[in-house]
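Subject: Handover of a protein structure

Dear colleague,

Please find the sequence and the structure below, followed by a short account of what was found.

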Amino acid sequence: MGRVIAIANQKGGVGKTTTAVNVAASMAATKRKVLLIDLDPQGNATMGSGVDKYDAPNTCYELLIEEKPFKDVVITETSGKYDLIAANADVTAAEIKLMEVFARELRLRNALASVRDYYDFIFIDCPPSLNQLTVNAMAAADSVLVPMQCEYYALEGLTALMDTIKKLASVVNPALTIEGVLRTMYDPRNRLANDVSEQLKRHFGEQVYRTVIPRNVRLAEAPSFGTPAMYYDRSSTGSKAYLALAGEILRRSKKDTVAKVS
């Protein structure tokens, strides 16, 4: 069964969508079958995958509200070589309509049940808020990957986010775990970034990925070309960092599988 990872942080501007697009592309480059689900009405992950959100015939709205078959909603041609379920402004209406349906928090989990065996990894790009869409992602996911900047306020917010995830897990998905904490937009010349990074490692230990995503112009430029950074400039430090992150996720997944078997 494929692994479902929600990429979430209630704080905006932490590199969440950049992480979703680039880790999906990096994982697909390792010959894994990957699905990226864009649950953010802004549709940035959709555009970053080379798909025009305004032209997308079906989105998460059709999957969650109209309950269209998965095969009618998925987009198989993307610039990142992964499959995609798109998002645009219509997804905002999905959040409202979810309030009216039975078992609303399980809509995404149920929609993915028939395809989990087909994919090795399913990544979900969550909106930067705790709403019905995020709750659906948490209910469907095995774990949560949390991108964050190494800044003081981000550190404070991370503790609150972890508490929120735990409370949410107890209600909709008791098996939900923290996949890892990813340091993004990292500048090693910044003393505060180094101090916060050390605090993170002391407090969260092995949950903090060894891989660090640096501040990188190529990562910022790639979305305007509708492509993940590795296909825009594979030699850039940002591209290499996300390839390293994919490798670290694979090693952790293998380690977890061995632990469960033994």
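With which residue does R107 form a salt bridge, and how far apart are the closest N and O atoms? The partner of R107 is E67, and the closest N and O atoms are 3.8 Å apart. A salt bridge here is a side-chain nitrogen of Lys or Arg within 4 Å of a carboxyl oxygen of Asp or Glu.

Before going further, please note that this is a predicted model, in which local features need pLDDT of at least 70 and side-chain atom pairs count only at pLDDT 80 or more, while totals for chains, interfaces and linings use all residues. Residues are numbered from 1 along each chain as its sequence is written, and side-chain values use heavy atoms, with hydrogens and water left out.

Side chains of opposite charge can pair when their charged atoms come close. The count in this model comes to twelve salt bridges. Helices (DSSP runs of H or I, at least four residues) and strands (runs of E, at least two) are numbered from the N terminus. R107 is buried, with a relative accessible area of 14%, whereas E67 is exposed at 54%. Buried means under 20% relative accessible area, exposed over 50%, and partly exposed in between, with a 1.4 Å probe and protein chains only.

D142 and R116 also meet in a salt bridge, at 2.8 Å from N to O. D142 lies in the loop between α7 and β5, and R116 in the loop between α6 and β4 (121–125), so this pair ties together parts that are 26 residues apart in sequence. D142 is partly exposed at 23% relative accessibility, while R116 is buried at 14%.

A further salt bridge joins R252 and E248, with the closest N and O atoms 3.7 Å apart. Both residues lie in helix α12 (residues 237–261), four residues apart, which is about one turn of the helix. R252 and E248 are both buried.

Helix α8

Helix α8 (residues 152–172) has 21 residues and reaches 30 Å from its first C-alpha to its last, close to the 30 Å expected at 1.5 Å a residue. That expected span is 1.5 Å times one less than the number of residues. The buried residues of α8 are A154, L155, L158, L161, M162, I165, L168, A169 and V172. They cover an arc of only 135 degrees around the axis, which puts them on the same side of α8; the arc is that of the directions from the helix axis to the C-beta atoms. The face turned away from this buried side carries the exposed residues Y153, K166, K167, S170 and V171.

Two backbone angles

Phi of K31 is near 75 degrees, a positive value in a residue other than glycine. K31 is found in the loop between α1 (16–29) and β2 (34–38), and is exposed, with a relative accessible area of 75%. Phi of M185 is near 50 degrees, again a positive value in a residue other than glycine. M185 lies in strand β6 and is partly exposed at 27% relative accessibility.

With kind regards
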